[in-house]
Amino acid sequence: MAWKISYIFLCMNVIPLLADAASRACSAQSDAKYSQTGEWNGEFFPGIPKIKYEGPFTRNKFAYKWYNAEEVIFGKKMKDWLRFSVAFWHTFRGTGVDPFGAPTKFWPWEDGTNSIAMAKRRMRANFEFINKLGVDRWCFHDRDIAPEGKTLQETNSNLDEVVKLAKTLQGNNIRPLWGTAQLFMHPRYMHGAATSSELGVYVYAAAQVKKAMEVTHYLGGENYVFWGGREGYQTLLNTDMEFELDHMAKFLQAAAAYKRKIGFNGTLLIEPKPQEPTKHQYDWDAATTTNFLRKYGLIGDFKLNIECNHATLSGHSCHHDVETARINGLLGNIDANSGDAQTGWDTDQFLTDTREATMIMLSVIKNGGLAPGGLNFDAKLRRESTDVEDLFIAHIVGMDTLARGLRSAAKLIEDGSLAKLIHKRYSSFYNELGALIEAGKADFEMLEKKAMEWSEPTVASAKQELAEMIFNSVL
């Protein structure tokens, strides 16, 4: 979600440039695309067909090589294992801006404004994109899909108007994988939202989450996400950490209570991230967030949304945080993206590493799937990728990578060699004493007696290289 910092730069410094460039980009195509009333005519993505599966040997850039939605793996269709989702913010609000440069992307349908009319046009583009891509889920922040007004009442009215259109465009087959409130961009959230030192901000954030949860529910959303980009600190010298953590817990408890009150059956998800924009976020990684949920009695109400690039920023692999969430019964959703090993920030790239995808999908299969969660592409085009078709190509390669990972993980499980290696590694515990240890019935006196009897233990090889050989054989 590193785009958020860049977007602030855009709003504060380059809006005039964006408006001028967007105007020039649109005027070049206005005769073909705009009616006399200023509305968009025809398709947003002309010349791009509905994406279909053609197999691994196709040279068609607008076709899936590995993702075959209806193919059954371990008794479940591939589309049900993967449950792909398009992220509205990166796909339709990403401009290519970064802290060192102005926007590079000016989509033909943009008019340089953040009006209600423009919001509705983006929404129509969103659903054409989703339908051509062949997925049936999308994700959004409230402020990405509708402009903020001068008052909270006006802002809510704007959101209602755009959401009403989204409901119509969704039809019966498309729904949000999740919705969320954008509690990080506006200056009011400079000290955080639930952890702000200002009572008025805490109150405003609660009202914003209430509304965002209501519209997510209205749209048939399956989950609701909390990403605390500013729920943390820059220095402990001026921070009461206990005060802020207690307030964050109270905020989440109130959210869970409201979810039940309105009859929203979706899962509440927390998305860990170590830092950026704050120096230290309170939901640092999967383990830290799990402990927070346990401490405040929130385990039954919340699960985790693991974002791969966030995991690597915290010093872990994506597989590590996914597996940590899984073994704690908290794996709810995955934001499928990746970072760059040579950079130290959240680059939100599309996941294209088949090896990493295979390890992630091993955990997903062990978890029995992700439903009602899924795999959301919280990923953006590179700054230098500026063609409309690049939006499709990026999603196709991301979907194919995860589909290939699913196939490889299934092969690994069917082969059984890796499972046998792991079983053999821990086989010294598969006896009477091991069973007593597992049952918590082996005290130190008993274990000391055995140590005296057995003398120096033998230690077997871990066979890491063999494990890697087996793993590589299915890629």
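## Cysteines and a helix pair

Counting cysteine sulfur pairs within 2.5 Å as disulfides, this predicted model comes out with one disulfide. The partners are cysteine 308 and cysteine 318, whose sulfur atoms sit 2.2 Å apart. Cysteine 308 belongs to helix α11 (residues 308–313) and cysteine 318 to helix α12 (residues 318–327), so the bond ties together parts that are ten residues apart in sequence. The link is left-handed, with -50 degrees about the S-S bond. Both cysteine 308 and cysteine 318 are buried.

What about cysteine 139, and why is it too far for a bond? The closest cysteine sulfur, in cysteine 308, is 14 Å from the sulfur of cysteine 139, and a disulfide needs the two within 2.5 Å. Cysteine 139 is buried too, with a relative accessible area of 0%.

Here are the two sulfur distances side by side:

| Cysteine pair | Sulfur to sulfur distance |
|---|---|
| cysteine 308 and cysteine 318 | 2.2 Å |
| cysteine 139 and cysteine 308 | 14 Å |

Now for some helix packing. Helix α15 (residues 417–425) packs with helix α18 (residues 464–472), their axes 9 Å apart and at an angle of about 160 degrees. Angles over 145 degrees count as roughly antiparallel, and α15 and α18 are therefore roughly antiparallel to each other. The crossing of α15 past α18 is left-handed. On the α15 side, Ser417, Leu418 and Leu421 make the contact, and on the α18 side it's Leu466, Ala467 and Ile470. Sorted by type, the residues of this α15 and α18 contact are five nonpolar, one polar and no charged.

Technical notes. Residues are numbered from 1 along each chain as its sequence is written. This is a predicted model: local features need pLDDT of at least 70, side-chain atom pairs count only at pLDDT 80 or more; totals for chains, interfaces and linings use all residues. Side-chain values use heavy atoms; hydrogens and water are left out. Helices (H or I, at least four residues) and strands (E, at least two) are DSSP runs, numbered from the N terminus. Buried means under 20% relative accessible area, exposed over 50%, partly exposed in between (1.4 Å probe, protein chains only). Axes are lines fitted to C-alpha atoms, for helices over the stretch in contact, and angles run from 0 to 180 degrees between N-to-C directions. Angles under 35 degrees count as roughly parallel, over 145 as roughly antiparallel, 65 to 115 as roughly perpendicular and the rest as oblique. A crossing is left-handed if the near helix is turned anticlockwise from the far one by less than a right angle, and right-handed if clockwise. Contact means heavy atoms within 4.5 Å. Ala, Val, Leu, Ile, Met, Phe, Trp, Tyr, Cys and Pro count as nonpolar, Asp, Glu, Lys and Arg as charged, and the others, Gly among them, as polar.
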